[in-house]
Amino acid sequence: MLICMGTVQDRKWTKEERLSRMVDTYQNLVFSVCYKVVGDYFAAEDLAQETFLSAFKNLDTFEGANEKAWLCRIATNKGIDYLRSSGRRAVPTEDIFFEQQVEDRGSPEEICLEEEVRERLLGYCRQLRPPYNEIAEAVYCEEKKADEIARERGENIKTVQTQIYRARDMLRKLYGKERSA
Amino acid sequence: MSEGNRMGGEYRYMTDKELEALIAGVEDHGMLAPPVYLKELIMKEAKGLAAVRKKGIDKKTARRVLMVYRAKVIGAAAAAIFCLVMVPMEIDGGKPDGSSQWRQKVIEEDMKYYQEESERLRNEMEIREGGFGGFMENLLGEETAGKAVSIWNGMTGLFGWEERDYE
């Protein structure tokens with residue numbers, strides 16, 4: 001709601017608006033932190049979602065200035081809780097992790113995390129049966145939204161949303177199988 | 001600090017310093033874009049949470065709902081007690097000859113009805129068991145039926161028909 005006499009800075013944000021702004025600003029960071037902690041794309045997706053929802057619940061009590069650190073703290077704690085509850089995932093220790101970082105930094109063909117993950121995701125997407133393979137590829141690799149896909153394919157948006165939901169479930173199962181193997 | 005820092009097989013939460021290092025590491029090495037639908041999912045969930053909270057905060061409504069619930073429970077308990085205590089007394093009190101005599105009367109009426117029905121069914125069975133002869137006798141009277149039956153028997157003899165019992 002805009003205060004008539006005020007400037008943009010005087011604008012009183014609703015909780016939903018604050019959350020929306022936070023998601024826009026920090027979703028990549030939070031998601032990446034979650035991914036770093038758990039090493040699982042789909043678990044990271046859930047954890048990022050939980051992180052923002054937890055922040056939303058506690059938005060009234062948050063008085064700190066460093067929103068980024070606060071969100072990352074929630075994300076890492078949730079990630080560690082997840083690892084504790086699953087209790088069997090192999091995550092590199094501190095030393096190994098930093099060794100890897102140094103090696104990566106030093107290598108001439110610096111491997112981009114995003115590319116690596118995307119390639120792996122693309123592989124999983126292609127393993128799905130049609131039309132879910134195309135839908136998953138469009139969502140996860142081409143970063144298309146449901147309405148865009150619906151327009152391109154000439155299908156109802158609800159149908160596409162359902163297909164995305166199913167494709168995600170299939171990918172999760174596939175990913176889980178491969179990890180456990 | 002690693003992401004999932006382990007201390008003797010246990011994962012422990014990061015210190016501020018470790019967290020800073022992790023954030024710096026992630027920011028330096030390129031961040032990963034989450035799925036496009038993530039924001040949509042979060043906002044949807046958040047709206048749901050906000051709606052639930054709004055409902056919960058409204059104390060007046062909660063109190064009213066509680067009062068209605070209490071009234072319903074008290075009403076139901078009162079009705080149950082009334083049924084247990086008052087209704088049997090009303091039934092007994094409504095009959096001048098007392099409950100046991102009244103029940104006896106009802107049983108006798110039922111027995112009478114049962115006997116009449118049994119009699120009727122037995123008659124019907126006898127008629128059926130009598131076959132064609134019995135049926136005709138019942139329909140036309142004894143003398144006429146006798147004649148009809150003899151004609152029928154003659155015909156069956158002539159054409160080789162038999163009265164079969166299919167039961």
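## Basis

This is a predicted model: local features need pLDDT of at least 70, side-chain atom pairs count only at pLDDT 80 or more, and totals for chains, interfaces and linings use all residues. Residues are numbered from 1 along each chain as its sequence is written, chains are lettered from A and ligands numbered from 1 in the order written, and side-chain values use heavy atoms, without hydrogens or water.

## The A–B interface

Chain B puts 38 residues in contact with 54 residues of chain A (contact: heavy atoms within 4.5 Å). About 4,600 Å² is buried between the two chains, 65% of it on carbon and sulfur atoms. Buried area is the accessible area (1.4 Å probe) lost when two parts are put together, summed over both.

Three salt bridges link the chains (a side-chain nitrogen of Lys or Arg within 4 Å of a carboxyl oxygen of Asp or Glu). One joins Asp24(A) and Lys39(B), at 3.0 Å from N to O. On chain B, α1 (16–28) and α2 (38–57) are the elements that give two or more residues to the side touching chain A. α2(B) gives the most, with 11 residues. Helices are DSSP runs (H or I, at least four residues), numbered from the N terminus.

## Helix packing in chain A

Helix α1(A), residues 15–38, packs on α2(A), residues 41–57, at about 145°, with axes 8 Å apart. Axes are lines fitted to C-alpha atoms over the stretch in contact, and angles run from 0 to 180 degrees between N-to-C directions.

Residues of α1(A) that meet α2(A) include Leu19(A), Tyr26(A) and Phe31(A). Among their partners in α2(A) are Leu47(A), Phe52(A) and Phe56(A).
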